[in-house]
Amino acid sequence: QVQLVESGGGLVQAGDSLRLSCAASGRAFSTYPMGWFRQAPGKGREFVAVISGSGSSTFYADSVKGRFTISRDNVKNTVYLRMNSLKAEDTAVYYCAAGPRIPNYRLSRGQENEFDYWGQGTQVTVSP
């Protein structure tokens, strides 16, 4: 069982930066991929970024590529999402997710249904 708790959301202006954190409980954190997803008002949840267990592989949605960076600290059992040059369209509830069943060769797909554990979400609001 894995429990995930996100933090770091808030209200910022367009162009600002923000770093989200997701603390994971349970053992073997370094062995499984972690992902970030988001859900904007009135829309479905969408993939943002994913990182392999070792941290050596990362993949991003086209909409955030070059602006967002996913990273992890396997000593602290924490995954991060650094968000730069934020835009109004980045406004959403951001969720972290753990995918113990996902093999590395499927990481780039960012398939929501392959992630087994989810946090409660943290709100990010970007004012124009």
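Which side chain meets that of Asp 90 in a salt bridge? In this predicted model, local features need pLDDT of at least 70 and side-chain atom pairs count only at pLDDT 80 or more, whereas totals for chains, interfaces and linings use all residues. Residues are numbered from 1 along each chain as its sequence is written, and side-chain values use heavy atoms, with hydrogens and water left out.

The partner of Asp 90 is Arg 38, with an N to O distance of 2.9 Å. This pair links distant parts of the chain, 52 residues apart: Asp 90 lies in the loop between strand 8 (78–83) and strand 9 (92–98), and Arg 38 in strand 4 (residues 34–39). Strands are DSSP runs (E, at least two residues), numbered from the N terminus. A salt bridge is defined as a side-chain nitrogen of Lys or Arg within 4 Å of a carboxyl oxygen of Asp or Glu. Side chains of opposite charge can pair when their charged atoms come close.

Arg 38 also forms a salt bridge with Glu 46, in which the closest N and O atoms are 2.6 Å apart. Accessibility is classed as buried (under 20% relative accessible area), exposed (over 50%) or partly exposed (in between), with a 1.4 Å probe and protein chains only. Arg 38 is buried at 6%, and Asp 90 is buried at 0%, while Glu 46 is partly exposed at 36%. A network of salt bridges links Arg 38, Glu 46, Arg 67 and Asp 90.

The search of the whole structure finds 7 salt bridges. Among them is the pair of Glu 114 and Arg 106, at 2.6 Å from N to O. Glu 114 is buried, with a relative accessibility of 12%.

Conventions
Helix = DSSP H or I, 4+ residues; strand = E, 2+ residues; numbered from the N terminus.
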